[in-house]
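Subject: Handing over the structure

Hello,

Here is the structure I promised to pass on. Please open it beside this message and follow along.

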Amino acid sequence: MRPAGYLAASAALVACLLAGLVAGAAGIPVKGVLLALLDRLPLVSADPGLSPVEYGLLFQLRVPRVLLAALVGGMLAMAGAGYQGVFRNPLADPYLLGAAAGAGFTATLMIVLVDVDALVPLAAFGGAAGGVLLAYALGRTAGRGGGTATLLLAGIAVSSFLSALQAFAQQIKVDRLQRIYAWILGGIGSDWSQVRMVLPYAAVSAAVLLAHGRVLDVLSVGDDEASGLGVNAARARLVILCAASLATASAVAVGGLIGFVGVVVPHAVRRLAGGSYRVVLPLSLLAGAGFLVLADLVARTALAPAELPIGVVTAFVGAPFFVAVLRATRTADP
Amino acid sequence: MRLLRMAVAGLVLGLPVLAGCGASDPAPAASTAAPAPASPAATAGTFPVTVQAGNGAVTVAARPSRVVSLSPSATEMLFAVGAGPQVVAVDDQSTFPAEAPKTDLSGYKPNAEAIIATKPDLVVLANDTGGIVAALGKVGVPVLLEPAAVKLDDSYDQMTDLGAATGNTAKAQEAVTAMRQRIDTLTAAAPKDKKLTFYHELDSTPYSVTSTTFIGQIYGLFGLVNIADEAPDPAGGYPKLSGEFVVKADPDLVFLADTKCCGQNKETLAKRPGWGGLSAIAKDQVVLLDDDIASRWGPRVADLIETVGAAVAKAAA
């Protein structure tokens, strides 16, 4: 991949971010938004001419929301690419291994039993990580040798089980169903503290995953070839799984369950830039960020001043794409 | 297994039917004998009575003595119309009045067998979830479906229905008249020409209500302008609003109906990103509602109207 490709992807992301900052339910003058952003740059001074309310709206509501959407989208897409590489399955996504079901269960439990809003992300994080760990442990012990197919099946079993637990838990306090569903359908908050909360996990998981692009390329050829090239396939898989799961868990913690980004974005990237993970991983990060910023933009403007759950928007775009990929990969199979 | 379950259900379901049939004949005697202290002639009403409920015309053969309510609003109405002593079980969300016999029955997910186990001779509910009306109908228990009111008149009608169905016609009439007069007085006294804007919050994410909802119409009685009405129709009567929009709209009054569920108040509102500058906070016009009163359409609607009226009067002053 030539630097020009990354440059184009970065420029597209910046355009998405700007679009996300300019549009919103409150209608802040576009020129004012742009000037206010310029004003925040070092060595630049501009008078945005915004009222204090508009200024507060921009920097306390819109900027953190757009950044959060970018972080969540980038992490989900990158984790999706990672999972697809580990499982050598083009339809693997961040939720396949029990992450979504685990997060759904623990978040529901938290809403039902304790009902402290601030603890829901923490519970979701624990549940997502726990779901993946459980699937991984089962996949290792249940299947001889722990092949990727066994792991996938364990993930499906764990997901069904945890979903059933969640359905059970939400019967405890049926009057909180609306809040549970609101969380499950996903939504990007607008809070700087959430941005700060997610940033370290995003940085660590991105660093690990991006460093493993070459390893994933080698793994895609086959385990024997990998060991011939001095790569410990089992260990590399575990590291990548952990990093992708960490990214997923933190994305779920702040955004709820946002489907399809992890499947859709890596595929789009692969179509445009080829199949090497050294390219797919970083570009998925950039494209996923841009995609979710746009999806969130639709979520908060399509019915403004009402908001749509972002999961509805991503599924609306993602589901048809998913089917298209399914058909394409099916015909490609021998 | 399934046969066995049906047999058991049949047995359980059969009992109250037999009991009901037996009771219907000596009903006049029983109704004069049992509530003797409460001047039977005036309050007993006439039976059989037919009431137009949400599930059509429902005939109650004799004055019910075992009423089960699966709706918090209906529970409040039953007690208001003097049917309290006849109520033997209410659902797990019915928190008012305190003497209501609260059980773990659920109105959201009604369990026919559990309801029948309380041997009801009248069941009142607000939602026909999972075919519960048909299920109870099969065993001959009269069921009044009294769905969520969409206007104040629905509340009055439902109270009248419940009075008739429980043999408390006169007391129900009194209660409705008193409620209507109190509400009319409260709304007549309020200044309506200030075009004050307001935001009613259902939960902190933030969900609100439009003027098409029951609660939205209550605010309409005071000539208030609902900021949530800008949400387009497809968003429904209970739109999730954009936080940005609420800040920009900067409503004169904020009514919080998520004080009990979610611990919201002026301070938590001020801590939300960007909300600190709301003029309703600065002018101390954040009104803490009782979640329960603000979500029911029973007689305590008058209390809600009083709270709203006081806030409007203060804001308009």
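A salt bridge is a side-chain nitrogen of Lys or Arg within 4 Å of a carboxyl oxygen of Asp or Glu. Keep that cut-off in mind for what comes next. Note too that this is a predicted model.

**Salt bridges**

Over all chains, the structure holds 19 salt bridges. Take A:Asp223 and A:Arg88. Their side chains meet in a salt bridge, with 3.2 Å from N to O. The pair counts because 3.2 Å from N to O is within 4 Å. This pair links distant parts of the chain, 135 residues apart. A:Asp223 sits in helix H10 of chain A, residues 223–228. A:Arg88 sits in the loop between H3 and helix H4 (99–114) of chain A. As a general point, side chains of opposite charge can pair when their charged atoms come close.

**Where chain A meets chain B**

How many residues does each chain bring to the contact? Chain A gives 26 residues and chain B gives 24 residues. The size of an interface is often given as the accessible area lost when the parts come together. Here the area buried between chain A and chain B is about 2100 Å². Carbon and sulfur atoms give 60% of that area. Look for A:Leu61, A:Pro305 and A:Glu307. Together they supply 25% of the area that chain A buries against chain B, more than any other three residues.

Now the charged and polar pairs. There are 2 salt bridges between chain A and chain B. One of them joins B:Glu244 to A:Arg62, and their closest N and O atoms are 2.5 Å apart. Between chain A and chain B there are also 8 residue pairs in polar contact, both residues at pLDDT 80 or more.

Which helices of chain A touch chain B with at least two residues each? They are helix H3 (52–87) and helix H7 (177–184). H3(A) gives the most to that side of chain A, with 6 residues.

UniProt, in an unreviewed entry, lists several stretches of chain A as "transmembrane region". Residues 66–83 of chain A are 100% helix and 0% strand in the model. Their end C-alpha atoms are 26 Å apart. Residues 277–298 of chain A are also 100% helix and 0% strand. There the end C-alpha atoms are 30 Å apart.

A cis peptide bond joins A:Ala304 and A:Pro305, with omega about 10°. A:Pro305 lies in the loop between helix H13 (277–301) and helix H14 (310–332) of chain A.

**Chain B: strands and a sheet**

Begin with the hairpin. Strands E1(B) and E2(B) form it, with 2 residues between them. E1 covers residues 49–53 of chain B and E2 covers residues 56–60. The two strands run antiparallel and are joined by 5 bridges. Within this pairing, B:Gln52 stands opposite B:Ala57 in E2(B).

Next comes an open sheet of 4 strands in chain B. Are its strands parallel or antiparallel? The pairing is parallel, and the order is E4-E3-E5-E6. The edge strands are E4 (87–90) and E6 (143–145) of chain B, and each pairs on one side only. From one strand to the next, the twist averages 20°. Helix H4 of chain B, residues 72–80, packs on the sheet. H4(B) touches E3, E4 and strand E5 (122–125) of chain B. Its direction makes about 140° with that of E3(B). Strand E3 of chain B (residues 67–69) is joined to E4(B) by 3 bridges. There, B:Val68 stands opposite B:Ala89 in E4(B).

An unreviewed UniProt entry places "domain: Fe/B12 periplasmic-binding" at residues 66–316 of chain B. Over that range the chain is 40% helix and 13% strand. The end C-alpha atoms of the range are 48 Å apart.

**Two backbone details in chain B**

A cis peptide bond joins B:Thr205 and B:Pro206, with omega about -5°. B:Pro206 is in the loop between strand E7 (197–203) and strand E8 (207–208) of chain B.

B:Lys119 has phi near 55°, a positive value in a residue other than glycine. Find B:Lys119 in the loop between helix H5 (112–116) and E5 of chain B.

Best wishes

Notes: Residues numbered from 1 in each chain as written. Chains lettered and ligands numbered in written order. Predicted model: local features only at pLDDT ≥ 70, side-chain atom pairs only at ≥ 80, totals over all residues. Heavy atoms only, no water. Pairing = 2+ DSSP bridges. Axes fitted to C-alpha atoms, helices over the stretch in contact; angles between N-to-C directions. Contact = heavy atoms within 4.5 Å. UniProt positions renumbered as here; feature names shortened; annotations may be inferred. Buried area = accessible area lost by both parts, 1.4 Å probe. Polar contact = N/O pair within 3.5 Å; in protein donor to acceptor, adjacent residues only side chain to side chain.
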